[in-house]
Amino acid sequence: TGQILVDGINIKDISKSSWYNQIGMVTQKAFLYHDTIRNNITLGREGISDERIWIALEQSHSDQFVRQMKDGLDTVIGDRGEQVSGGEQQRLTIARALLQDPSILIFDEPTSALDAESEEIVSQAIGAAFKDRTVIVIAHRISTIKQMDRILVLKNGRIMESGRHEELISNKGIYADYVALQSLS
């Protein structure tokens, strides 16, 4: 029941193509093609300047490792991006999403398969994505979500708790229990 509004407009009144153009997505598993970094980020769209690509790479904290590659943007990264690390793969998919410049950006478990060092860099890239857009991060790792403006705790498809990290800790509910469990491991 009810309705979903985006900028005050019911999503039923928004065309599918317009809606899809407003949403960017970064999934748990980075999906990259056996192609160049440039083509993996632009998805083959023509007319995107190198300047815009480099801005997206900087925002995703990918620019340094791409600049170190022999062919830079024209480096072929292998099947599924096998020539770069998991963290670098994830940052390239973040650059791809940022280049699209969506008003809503969804991250689905973006750090779940990363080591602690890569997770920190990807988390910084997620933080850079917050500027001028709505960002939804779906995650089980507290370290990935604790800096969010609002955290929703779901159980069996229902919102059980809502608030900032500090508030949810002080409430001593489901979230606080989950934080305690993660700090034990």
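1. Two strands count as paired if DSSP finds at least two bridges between them. In this predicted model, β6 and β7 form a hairpin with two residues between them. N156, in the turn, has a positive phi of about 50 degrees. Strand β6 covers residues 151-155 and strand β7 residues 158-163; the two run antiparallel and are joined by five bridges. K155 has R158 in β7 as its bridge partner.

2. R164 lies in the loop between β7 and α8 (165-171), and D149 lies in the loop between α7 (142-145) and β6, so the pair ties together parts that are 15 residues apart in sequence. R164 counts as partly exposed, at 34% relative accessibility. D149 counts as exposed, at 59%; the cut-off for exposed is over 50%.

3. There is also an open sheet of three strands, in the order β3-β4-β5, with parallel pairing. Its edge strands, β3 (23-26) and β5 (134-138), each pair on one side only. Neighbouring strands of this sheet are turned by 15 degrees against each other on average, direction ignored. Between β3 and β4 (residues 104-108) there are four bridges, in the parallel sense. M25 stands opposite I106 in β4.

4. Helix α5 (residues 86-100) packs on this sheet and touches β3 and β4. The direction of α5 makes about 180 degrees with that of β3.

5. R96 is placed in helix α5 and deserves a separate entry. Which side chain of opposite charge is nearest to R96? It is D35, 9.6 Å away. A salt bridge requires a side-chain nitrogen of Lys or Arg within 4 Å of a carboxyl oxygen of Asp or Glu. R96 is buried yet has no salt bridge. Leaving aside residues up to four places away in sequence, R96 touches F31, L32, N40, I41 and L43.

6. The ring centres of F31 and Y33 are 5.0 Å apart and the ring planes stand at 90 degrees, so the pair is edge-to-face. Both residues are partly exposed: F31 has 48% relative accessibility, and Y33 has a relative accessible area of 42%.

7. A search of the whole structure finds six salt bridges. Among the residues involved, R38, D50 and D74 are linked in a network. In the bridge between D50 and R38, the closest N and O atoms are 2.3 Å apart. This pair links distant parts of the chain, with D50 in helix α3 (residues 50-59) and R38 in helix α2 (residues 37-42), 12 residues apart.

8. The other bridge of R38 to be noted here is with D74, where the closest N and O atoms are 3.2 Å apart. D74 lies in the loop between α4 (63-68) and α5 while R38 is in helix α2, so the pair ties together parts that are 36 residues apart in sequence.

9. D50 is partly exposed at 37%, and D74 counts as partly exposed at 41%.

Definitions and conventions
Residues numbered from 1 in each chain as written. Predicted model: local features only at pLDDT ≥ 70, side-chain atom pairs only at ≥ 80, totals over all residues. Heavy atoms only, no water. Axes fitted to C-alpha atoms, helices over the stretch in contact; angles between N-to-C directions. Contact = heavy atoms within 4.5 Å. Buried < 20%, exposed > 50% of the residue type's maximum accessible area, 1.4 Å probe, protein only. Lys, Arg positive; Asp, Glu negative; His and termini not counted. Phe/Tyr/Trp six-rings, centres within 6.5 Å; stacked < 30°, edge-to-face > 60°.
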